[in-house]
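User: Hey, I'm new to this one. Can you walk me through a few parts of it?

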Amino acid sequence: MPAVKADPDVIRICIDPGHGGENLGADYNGYLEKDMTLVVAEAMRDELAKYEGIEVYMTRTSDVDMSLEERVDYADEVGADFFFCLHFNMSADHDMYGAECWISAFDNKYARGMDFAKIEMRALTDLGLYDRGIKTRLNSKGTNYYGVLRMADEVEMPGVIIEHCHLDNYNDEGFYDHHDMLVKYGILDATCVAMYYGLKSDELGVDYSGMTYEKTPIPSSVVKPDDTEPVLESVVYGEPYQTESGTWIDAEITARDDDCRMLYYSYSTDGGIHWSERYRWMDDEGELIGDAILTNTIHTTIPVSTEKDMYVIFKVYNLYNLDAESSPYYIEKAPAPEEEDPEQSAEGSSSAAEIQNGSDGGISGYSDVNRYDDITEIERPEEEVIKPDTAFIVIACILAVCILLVLIILGYVVYDNHRSSGRRRRR
Ligand SMILES: [Zn+2]
């Protein structure tokens, strides 16, 4: 039963540190999500305590097991106006990175969730995290997939799941630790709450009461997630070219998704057996435009192998991790460089990788320099590609045969003339 608010002007929020007890959450390389979310939550609570007009509750303040239902019930009991679920992320193939927010797909819970998540995502991307978007997800019954959002909906409480960053991908490595960075997240989350509600703090000397933002209209129907793949419209390849660091080829990729924006791209150089890491889908300036990356066309550069011929395929991913692939493109192996300077070539590769990643301050550089070393030989595709020297040999052979034929015919004509004139003489 919801508590009766003592002061109707006071905002009450509930912070939910994800997981706890037996439920570890993400578990990676000595990091446990259940511990991390508690540090963030405590810092968030402590920061919000410095603001006026807000009461903060926490679903748990120690390492205990709690069901999703218990969490939402608690928030409802204290009369929370908003439910903030704090999490850290991991992906099955360790290939994803960035921050994302999940919100309810329904009416004002969607609209208020979106309003807050926009402020939160702006703050997280300002840190340098990649924007994986603000999304809804539905289960087979057509209600919210995530239990906390589904149950919060039932009591008409807006909520958000904040996935601050990924623990298992080097792109996000600088964005978490065992304490300081987590406290920073807590303060960031608290500041976003203060901005969302227009709070002020004499202690901090900040006043967000004048802050305005365009409120998201309440949707007339359920906001469904995108369930269709993007369309990879074209990949245009340049001619291979040499720099001191190796041979490269430029590619212009155009992809489109009418329902959501593009997120990542990756490529294979062996016809789809091995794939590169995922790169950010950024326009040429590496800029996010508002809350979305609006460009359909991006430019990238990939190294041309000196070891073997390449069959290049690009894969593009939309915001919902659905993908599309290009058809294979044959690139003949580059001539081996005249002299090997391993130090210099490694340096060169990482600078080229910066171009691919879009330069984004604070993101660690490219580490997988020798990515072709472990690529196994593959069979050639059906289509035979005629190389320039093969073509030259074929033409030379045809010419030689023609000359030989002409000589034979000439020889026969001369011999025949000689014979017939001899016959005439005899007559
Ligand atoms: Zn989690």
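Predicted model: local features only at pLDDT ≥ 70, side-chain atom pairs only at ≥ 80, totals over all residues.

User: Okay, at what angle do α3 and α5 pack?
Analyst: The angle is about 140 degrees, and the axes are 9 Å apart. Here α3 covers residues 107-127 and α5 covers residues 180-197.

User: And what do you call that arrangement of α3 and α5?
Analyst: They're oblique to each other, because an angle over 145 would be needed to count as roughly antiparallel. The crossing of α3 and α5 is right-handed.

User: Which residues make the contact?
Analyst: On the α3 side you have D115, F116, I119, E120 and A123. From α5 come L188, T191, C192, M195 and Y196. By type, that contact has seven nonpolar residues, one polar and two charged.

User: Which residues of α5 are buried?
Analyst: Quite a list, including L182, Y185, G186, L188 and D189. A190, T191, C192, V193, A194, Y196 and Y197 of α5 are buried too.

User: What do those buried residues pack against?
Analyst: Several elements: the strands β1 (11-17), β4 (54-58), β5 (82-89) and β8 (159-166), plus the helices α1 (33-48) and α3.

User: And what follows α5?
Analyst: G198 does, and its phi is positive, near 65 degrees.

User: Which non-glycine residues have a positive phi, then?
Analyst: H19 and H94 are among them: phi is about 65 degrees for H19 and near 55 degrees for H94. Most residues other than glycine have a negative phi.

User: Where is H19, and is it buried or exposed?
Analyst: H19 is in the loop between β1 and β2 (27-28). It counts as buried because it has 25 C-beta neighbours inside 10 Å, and the cut-off for buried is 20 or more.

User: And where's H94?
Analyst: H94 is in the loop between β5 and β6 (99-103). With 14 other C-beta atoms within 10 Å, H94 is partly exposed.

User: Switching topic, which helix holds Y74?
Analyst: That's α2, residues 68-77. Y74 is partly exposed, with 18 other C-beta atoms within 10 Å.

User: What is Y74 in contact with, leaving aside neighbours within four places in sequence?
Analyst: C14 and T59. Y74 and T59 are 15 residues apart along the chain, and their C-alpha atoms are separated by 6.6 Å.

Terms used
Residues numbered from 1 in each chain as written. Axes fitted to C-alpha atoms, helices over the stretch in contact; angles between N-to-C directions. Helix = DSSP H or I, 4+ residues; strand = E, 2+ residues; numbered from the N terminus. Parallel < 35°, antiparallel > 145°, perpendicular 65-115°, else oblique. Left-handed = near helix turned anticlockwise from the far one by under 90°. Contact = placed C-beta atoms within 7 Å. Nonpolar A, V, L, I, M, F, W, Y, C, P; charged D, E, K, R; others polar. Buried ≥ 20, exposed ≤ 12 C-beta atoms within 10 Å, placed from the backbone.
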